[in-house]
Amino acid sequence: EATPFIDIEARIPYQIAVAPANSQSAAEAIAIFDNVSFEDGKSYITMATGVVGNAATPFDLRIFDAARERSENPSNVDLLLYHGSPDAPEVDVVAEGVGVIFDNTAYGEFSSDYLSVPATTYTLNVTPATDNTVVVKSYTAPLESLAGGAGVAFATGFLADEPAFGVWVALPDGTTFPLSEIVASEEVKALLSGFRIMPNPVTDLAQIELTFAETADNVNLIVSDATGKVLQTINLGNQYAGTQTIALDASNLAQGVHFCTIVTEIGVITKRFVVTR
C-alpha cells in the first residue's frame, strides 16, 4: 500500500515513528527515525523496506529526493524503480523489444533516475545484473492508462519465502497495483515448439509459421515497433497441436526493426523482424 503525496513544512527536523496499523500512539512504534528534514521545493518518496527483527536486512526507510507526479511528455509515463526484495540479487529490468531499462539496481536502492517511456503495454523481464539471459521473473506491464503520469515500480517479497516476490506500481494519488506475472518462458517454449517469420527481412508480406505441441486457448499475435508501441493485434483463437501459417501484411509498417509476439495463457514468446523497402 501507499499514501498520496502530502505537503509538509521544510527545514524542520522531524521524528518519524512507524507503528502497527492498530496502534494507539507513537509509543508503540516498531522503529523511530530522528532528525529527518526536507528541503524547500523538493518532492520526496519514502519507501519502507527490510524485515522487522532481521539483523541482515533490518527494517528501514529509504528516501528519494527527486520525486515526480507527472511526465513532461503527455504520451509518456515516467517510472522510478525501487528494489525492496531482501533475498533477490542485484537486478536489471529488461523490456522486451526495448532492452535494459533499469540497470544494476541492488536491494535497498532506487534506480538512479526516472525513465520516461511511451505509455503502452510492456513485457518486463527481471534478470540478474550480471546475466540478462537468465530471467528470474517476467511481468506484463499495461501502462496505457498512465500517459502523462508518473509512478514508482517496486519489487517486494521474497524469492524463497513468503510473501512471494512481486512487482507493484504506486501512483502519486496513493493507488497501487501489482503487475501480472508471466509463467516461465520454458513452459511457453514447450507449448509453442516452433515459431518462424519468413522472409526476414520482409518487404510487403511475411508468413508466420507456428507449431504448437498441444492445444492452446485464446492465442493472440501482436506486432509492435522498436519503441514497444503496439501496431497490430490479431486474435488467433484456439490453436490445436500441429503447424499452421499466418499471413502478415507488412506493407503499412515503417522501415526498421519490429517485433512479433505470440501471447498464450501461460506466457509469451517474441521474435524480432526487419521491414525493408
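**Salt bridges, cores and sheets**

User: At 3% relative accessibility, does Asp78 count as buried or exposed?

Analyst: The relative accessibility of Asp78 is 3%. This is a predicted model, in which local features need pLDDT of at least 70, side-chain atom pairs count only at pLDDT 80 or more, and totals for chains, interfaces and linings use all residues. Residues are numbered from 1 along each chain as its sequence is written, and side-chain values use heavy atoms, leaving out hydrogens and water. Because buried means under 20% relative accessible area, exposed over 50% and partly exposed in between (1.4 Å probe, protein chains only), Asp78 counts as buried.

User: Which residue forms a salt bridge with Asp78?

Analyst: A salt bridge is a side-chain nitrogen of Lys or Arg within 4 Å of a carboxyl oxygen of Asp or Glu. Here the closest N and O atoms of Arg68 and Asp78 are 2.9 Å apart. The pair links distant parts of the chain, with Asp78 in strand S5 and Arg68 in the loop between strand S4 (60-64) and S5; strands are DSSP runs (E) of at least two residues, numbered from the N terminus. The partner of Asp78 is Arg68.

User: How many residues apart are Asp40 and Arg11?

Analyst: Asp40 and Arg11 form a salt bridge, with the closest N and O atoms 3.4 Å apart. Asp40 lies in the loop between strand S2 (31-36) and strand S3 (45-49), whereas Arg11 belongs to the segment before strand S1 (14-18).

User: How many residues are in the largest nonpolar core?

Analyst: A nonpolar core is a set of buried Ala, Val, Leu, Ile, Met, Phe, Trp, Tyr and Cys residues joined through side-chain atoms within 4.5 Å. Val77, Tyr122, Leu124, Leu143 and Leu179 touch the most other members of the largest core. Among the elements giving two or more residues to this core are strand S5 (76-83) and strand S9 (121-128). The residue count of the largest core is 25.

User: In S18, which residue is the bridge partner of Val219?

Analyst: Strand S17 (residues 216-225) and S18 run antiparallel and are joined by 7 bridges. In S18, the partner of Val219 is Gly237.

Note on methods: Helices (H or I, at least four residues) and strands (E, at least two) are DSSP runs, numbered from the N terminus. Two strands pair if DSSP finds at least two bridges between them.
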